[in-house]
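Let's take a friendly walk through this model. Please have the sequence and the 3D view open as you read.

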Amino acid sequence: MGWLSDGLNWVRDKALDIGASILSITLGTLFHYLYIGTVYTLNAFKSKKRISDCLIKVMEDLDLFPSDVNLSKVRIIQNARGLAGDGLTNNYTIYISGKFDEIESLRLLLHELKHVAQYQDMGYALFVITYDYQFVRYGYTSAPLEKAARKFADDNEVKVNDQYDLDCRLVTSPNSPVFKQMIIDEDWTMLLDL
Ligand SMILES: [Zn+2]
């Protein structure tokens, strides 16, 4: 009756696999909530930054996010304590381990904003459970939600930066390369002598 014991062994192995998966997802999710809770508590009294209205408009014009992501609700906490990596996103709050400047940190900002969008798409609890499952199953680098965030930042960093130069920086900084090039292109060099 070799086939029967083979079959029973297969069922037992599967049951162990499923048991291990459920256990690791449960522990992973508990750990994740503990981690988010710790970071939240350690940074509860820090000031929060907003994304500038001009950058929000740039990202909306480029149609980067689904309409249910409200970019003006995003809050960024820089020099955050207790982080395991460069950043952590908890729904609309983004924790950054270093100093935050929306353009100098644009790549990281776009990465974390993709996570904000994933929270909105999937709903809070499902995002956390899925993220933890993928983290356990594939590891940080290969987890599909992480890969999507990295690809999103790769695909959009230059586009957003260029549009920001045109729409936002030009107005506020006459030293911007775009502004100088425009003066040369339009032969307004006499302006520089003013
Ligand atoms: Zn990420």
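## The sheet

Strand β1 and strand β3 (residues 93-96) run parallel and are joined by three bridges. Helices (H or I, at least four residues) and strands (E, at least two) are DSSP runs, numbered from the N terminus, and two strands pair if DSSP finds at least two bridges between them. Across from isoleucine 76 you will find isoleucine 94 in β3.

The open sheet has three strands in the order β1-β3-β2, with mixed pairing. Its edge strands, each pairing on one side only, are β1 (75-77) and β2 (87-90). Direction ignored, neighbouring strands of this sheet are turned by 20° against each other on average.

## How to read the model

This is a predicted model, in which local features need pLDDT of at least 70 and side-chain atom pairs count only at pLDDT 80 or more, while totals for chains, interfaces and linings use all residues. Residues are numbered from 1 along each chain as its sequence is written.

## A helix across the sheet

Helix α3 (residues 106-122) lies across β2 and β3 and runs at about 30° to β2. Axes here are lines fitted to C-alpha atoms, for helices over the stretch in contact, and angles run from 0 to 180 degrees between N-to-C directions. Two residues are in contact if their C-beta atoms, placed from the backbone, lie within 7 Å.

Helix α4 (residues 124-138) has 15 residues and reaches 21 Å from its first C-alpha to its last, close to the 21 Å expected at 1.5 Å a residue; the expected span is 1.5 Å times one less than the number of residues.

The axes of helix α1 (residues 2-42) and α4 cross at roughly 115° and come within 9 Å. On the α1 side, Ser24, Ile25, Gly28, Thr29 and His32 meet Val128, Ile129, Asp132, Tyr133, Phe135 and Val136 in α4. These contact residues divide into six nonpolar, four polar and one charged.

## Valine 39

Is valine 39 buried or exposed? Valine 39, in helix α1, is buried because 20 other C-beta atoms lie within 10 Å. The cut-offs are 20 or more for buried, 12 or fewer for exposed, and partly exposed in between, counting other C-beta atoms placed from the backbone within 10 Å of the residue's own.

Leaving aside neighbours within four places in sequence, valine 39 is in contact with Ala80, Gly82, Leu83, Leu88 and Tyr95. Valine 39 and leucine 88 are 49 residues apart in sequence, yet 8.8 Å apart in space, C-alpha to C-alpha.

Key. Nonpolar A, V, L, I, M, F, W, Y, C, P; charged D, E, K, R; others polar.
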